[in-house]
Amino acid sequence: MSLSLIGIIFVQGYYISNSISNKENNFNFTVKQALIHVSKKIEKEEYRDHVIKVRKLLEQGIEVNKDTTAIINLYIKQENQANNETLVYRNAILEENYKLSSALFDIGLDSTSIKKIINENETKIYKTSEIDGKKSSDALLSQIGKTEDIMYETHYENFAYRKPIHKRTSREEIDRLLKLKLLQDGIDVNYEFAIYSNDLATKVQTENFELENQNTLGFPIFSGDNGNSNYKLLVNFPQRDKFIWSSVLGMLGLSVLFTSIILIAFITALIQIMKQRQISEIKTDFINNMTHEFKTPIATINLALDSIKNPKIIDDKEKVARYLRMIREENKRMHAQVENVLRISKLEKNELNISKEGISLHDLIEDAISHVELIVEDKQGSIETELMATKSSVLANETHFINVLVNILDNAIKYTPEAPIITVETVNVGNNILVSIKDQGSGMSKAATKRVFEKFYREHTGNIHNVKGHGLGLAYVKRIVEDHSGHISLTSEKDKGSTFTIKLPLIS
């Protein structure tokens, strides 16, 4: 079960870790695509605006030193004697250079050149005739074609190379395009961006941008035909981790919830198994103790009966009476033990009828002491009372509460190896009365004080049965005290004695 649980936790952790890693990769990929889109969009818009501006200038005739150069002139002449026709074909490629004032483009030069490439083709057909021995040609057909192509790219590259970055684009334009693209791709989180030139910051950046090598993503902007660029558009997301984790938070929460349920169930099962094991051990001890407790009285009764059967004893009335008293006492002892077991069982089933009446607690204490007084005297001990409570009226069942006090006193006697010295004190605290029963016996460990009121529990002493009992007396005491709306506590120290304290509410 432990290996399975560890395996489940490991698999879920691995799955969640992979999910987060995939989310990070998808996030980086999406942002990279957005940067590419913004970079290309800005370049296209700049090139478009530049072409429109140049066309307008050319249309307005703002030009200086127009220079036309023939690059290629191709002539083809073909005569057809059958019908006296001559075909002449000309194809020419011309280059026209225009010089425009650079002030119109704000690039810091005196002038800037624009090239126009013109392609002309001309086809003419002549009719040849001979009059008075002289040839003459008349044009039957003349067709001229012309195409022009202005070399914007070359001029744009020169223009863009010399213009500062903050005049080519703006923070507002980048922010507008980037925000729109990220929202389209499902990323709604704050970001900071900047354009860097050869690892140096430019004027185009947001106020809070900080260059972080691990979390900053970038893509070149304003790259030429060769793909090289001095500028890079960089962006980072201060709340990047929060955004990524929020996407897996629901799955993570459910995983933690179900894993916690399994873990709690597993721990609970282990605790129950341990408790059942402890209960099994306690019950085994209880059976052993009960066997020991019954073994002595039964042996005593058998011996007494065998003695009575002896012809020499049966006629001795005094000895017979003595043996009968022994049988009666041992029978009472076994009966009392059986009653304790039945009492606990009835208490747990709420079948024990406990009727209460107003009574003086001091009177109950005196009655309880009288039950054990002879035993204490026989062991050459003493019971001292300090009944200092001025109010002692409580609502209690006389029989059961006397049993409570007798049980505690009996324990004090049994667990004192030498002459028992017991002190019983009472004192009023508010609307309650406290009863303290203190002995100078062997005491018990801290672990035992926490469990001493459990049913069947006895402090482990191996197979030594020097103190008779079966672990039911204090369990019975606790149930009766609680049934009287009271509270019982124990303080004890090994080899220094124990003190039981009972608190009961007073009645007027």
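Colleague: With which residue does R240 form a salt bridge?

Modeller: A salt bridge is a side-chain nitrogen of Lys or Arg within 4 Å of a carboxyl oxygen of Asp or Glu. Here R240 pairs with D241, and their closest N and O atoms are 3.6 Å apart. Please note that this is a predicted model, in which local features need pLDDT of at least 70 and side-chain atom pairs count only at pLDDT 80 or more, while totals for chains, interfaces and linings use all residues. Residues are numbered from 1 along each chain as its sequence is written, and side-chain values use heavy atoms, with hydrogens and water left out.

Colleague: Is R240 buried or exposed?

Modeller: Buried means under 20% relative accessible area, exposed over 50%, and partly exposed in between (1.4 Å probe, protein chains only). R240 is buried at 11%, whereas D241 is partly exposed at 46%.

Colleague: How many salt bridges does a search of the whole structure find?

Modeller: The search finds five. Among them, K414 pairs with D410 at 3.7 Å between the closest N and O atoms. Helices are DSSP runs of H or I, at least four residues, numbered from the N terminus. K414 and D410 both lie in helix α9 (residues 398-414), four residues apart, about one turn of the helix. K414 is partly exposed at 31%, and D410 is partly exposed at 26%.

Colleague: Which residue forms a salt bridge with K496?

Modeller: That partner is E493, with the closest N and O atoms 3.6 Å apart. K496 is exposed at 60%, while E493 is partly exposed at 45%.

Notes: Helix = DSSP H or I, 4+ residues; strand = E, 2+ residues; numbered from the N terminus.
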